[in-house]
Amino acid sequence: MRRAVARRVQAGLATAAVGAAICVALPMHQASAAAGSASGYATQNGGTTGGAGGQTVRASTGTAIHTALCNRASSSTPIVIEVQGTINHGNTTKVSGSSCNTAADKIELKEISNVTIVGVGSGAVFDQLGIHIRDSRNIIIQNVTVRNVKKSGSPISNGGDAIGMESSVRNVWVDHTTLEASGGESAGYDGLFDMKDDVQYVTLSYSILRNSGRGGLIGSSESDRGNGFVTFHHNLYQNIDSRAPLLRGGIAHIYNNSYVQLNESGINSRAGARAKVENNYFKNSRDVLGTFYTSEAGYWQASGNILDSVTWSSPGSETNPAGPGMPSNTSVSIPYSYRLDGASCVPDIVRQTAGANTGLKESNGSCSPQTPAPTTPGPTTPAPTTPAPTTPPPTSNPGGTNLSIGAGSDGSSKASGTSYGDVRDGNLSTFWSPVGATGDISIKWGSATGVSSINIREASGSAGSITSWQVLNGDTGAVLASGSRAGVITFPRTSLKKVTFRINSSAATPKVAEFETYA
């Protein structure tokens, strides 16, 4: 099976090569010393600001990068290193000093802190040379390409990892990078983005990971469970065999990523790991979420994801796929604020924003890119959590017969004094409320019924309480629509026996007076 997978990676590379032959060159945007500010778990534990406030130096060789690190007054003196050109084995040497600990076969960020490495000008490419972060903290890597790093063959670097972190690493933000290989382990490559032996508070954002046997991991073995608190958002995983990512213990937040051609498996949560997986788009892929290749279970909370031509393996002693419905088997609390793009527009927004030399564009939470103002990174100001609706609900009521009248209903735990039946009785003075700020309410029929729109009517005085929702096909778990305010919601006509309205967040106690359904 591994050999077949390796062939699929190579086939994907061949396809990419054909596409590259007909690409039109576009102008590249110049990055400033750094733009935007950290997001996700990198904002926690004191935040991630890199070299903000320190000296800015320019480097066009690996030796110059190491020299800049070694010329600091101390190993914690802030510095911003602007990189332009191709960094490779031919121009990288070990440099010694009291404020550094470098090596000749990799870009070594070891036993240091408060560093930003950012690509500028026409771009920065680390060719066959990996970036190694060890016993360090408060590091930013932005707007660079790292490609074809090998652990076997020649030349070798960084154990085959494009970016690798290990041994008491804290607060790293990797943003707008392109990490790529040209095959799998048999061709000499390892992971694109690996964390092991006590790495915490990391964010990977707006990056491309492609053409590799292994996307990346958190934890090197089933016993290496001290890593975690990692965020992955607005990244493209393309033509990856597995590990997108692999989680062994710890917590990961994985949202608004675009996955295309995961050949063997995708998000592999195992050995007690917990992943919050929301509003991602999976296309032409296999086993995109679950526990694979081990009997030591992992867990996930999944919502808002779109599955487009996804296939699933059968469960076994070492295979526990989350599909086809991808129901959650845990809950994960996220301590920071964030914006969610609707899953349906994730492929397009990621196409416009992810990777090096894309102008450091970001999503504004409304499925549109924006260019952050060039700034020196500072403490993060979290964005609000209200997701943008996939499509704004129409203001007019749907026509036809309300199919909920006479149907059945059920849902998650309800508050005292309410009934599931209150949402299908045609009476706006009665309502259902969940216990707490979130919950599910469903309408169901004895046989398949075609539904193309619903109308969620909130009780008098509670309008606007529901701030984030999803509509699910209760038969399969597929997300039919998502948004941020109740009302009329339309989606492609679907034949089903059960439709669920899921409240993901609310500003006050939700009160659903009527859950109307229409053909």
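Predicted model: local features only at pLDDT ≥ 70, side-chain atom pairs only at ≥ 80, totals over all residues.
Q: Thanks! What does the secondary structure of the chain come to?
A: Three helices and 33 strands.

Q: And how much accessible surface does the chain have?
A: About 19,200 Å², with carbon and sulfur atoms accounting for 48% of that.

Q: What about contacts between residues at least 6 apart in sequence: what share joins residues at least 24 apart?
A: That share is 72%.

Q: Let's go inside. Which residues touch the most other members of the largest nonpolar core?
A: Ile-81, Phe-126, Met-165, Phe-193 and Phe-232 do, in a core of 66 residues.

Q: Take Met-165, then. What does Met-165 touch, beyond residues up to four places away in sequence?
A: Its contacts there are Ile-133, Val-172, Phe-193, Asp-194, Met-195, Lys-196, Val-199 and Val-202. There is also a second, separate core, made of 24 residues, and Tyr-420, Ile-466, Ala-486 and Val-512 are among them.

Q: Val-172 and Val-202 both turned up in that Met-165 list. Where does Val-172 stand relative to E12?
A: Val-172 is opposite Val-202, which is in E12. The strands E9 and E12 run parallel and are joined by six bridges.

Q: Which strand is joined to E12 by five bridges?
A: That would be E14, residues 228-233, which also runs parallel to E12.

Q: How many residues of E12 are buried?
A: Seven of the seven, so E12 is largely enclosed by the rest of the structure.

Q: What else does Asn-171 touch?
A: Setting aside residues up to four places away in sequence, Asn-171 touches a list that includes Gln-44, Asn-45, Gly-47 and Thr-48. Arg-137, Asn-138 and Ile-139 are also among its contacts, along with Gln-200 and Tyr-201.

Q: Switching to charges: how many salt bridges does the structure hold?
A: There are 19.

Q: Which residue does Asp-198 form a salt bridge with?
A: Arg-170, with the closest N and O atoms 2.8 Å apart. This pair links distant parts of the chain, 28 residues apart: Arg-170 is in strand E9 (residues 169-175), and Asp-198 is in the loop between strand E11 (191-196) and strand E12 (199-205).

Q: How do Asp-198 and Arg-170 compare with the burial cut-off?
A: Buried means under 20% relative accessible area. Arg-170 has 17% and therefore counts as buried, while Asp-198, with 24%, is partly exposed.

Q: Which residue meets Arg-147 in a salt bridge?
A: Asp-127, at 3.1 Å from N to O. Arg-147 sits in strand E7 (residues 145-147) and Asp-127 in strand E4 (residues 113-127), so this pair ties together parts 20 residues apart in sequence. Arg-147 is partly exposed at 29% relative accessibility, whereas Asp-127 is buried at 16%.

Q: And Arg-134, what does Arg-134 form a salt bridge with?
A: Asp-135, and their closest N and O atoms are 3.5 Å apart. Arg-134 is partly exposed, at 26% relative accessible area, and Asp-135 is partly exposed too, at 27%.

Q: Which residues are linked in a network of salt bridges?
A: Lys-151, Glu-185, Asp-190 and Arg-214 make up that network.

Q: Last topic, Lys-498. Where does Lys-498 lie?
A: In strand E32, which covers residues 488-506. Lys-498 is partly exposed, with 26% relative accessibility.

Q: Which side chain makes a polar contact with that of Lys-498?
A: The side chain of Asp-410, at 3.5 Å.

Q: And what other residues is Lys-498 in contact with?
A: Leaving out neighbours within four places in sequence, the contacts include Ser-442, Ile-443, Lys-444 and Trp-445. Leu-472, Asn-473, Gly-474 and Asp-475 are among them as well.

How values were computed. Residues numbered from 1 in each chain as written. Heavy atoms only, no water. Salt bridge = Lys/Arg side-chain N within 4 Å of Asp/Glu carboxyl O. Helix = DSSP H or I, 4+ residues; strand = E, 2+ residues; numbered from the N terminus. Buried < 20%, exposed > 50% of the residue type's maximum accessible area, 1.4 Å probe, protein only. Contact = heavy atoms within 4.5 Å. Areas by Shrake-Rupley, 256 points an atom, 1.4 Å probe, with all protein chains shown as cover. Core = buried A, V, L, I, M, F, W, Y, C linked by side-chain atoms within 4.5 Å. Polar contact = N/O pair within 3.5 Å; in protein donor to acceptor, adjacent residues only side chain to side chain. Pairing = 2+ DSSP bridges.
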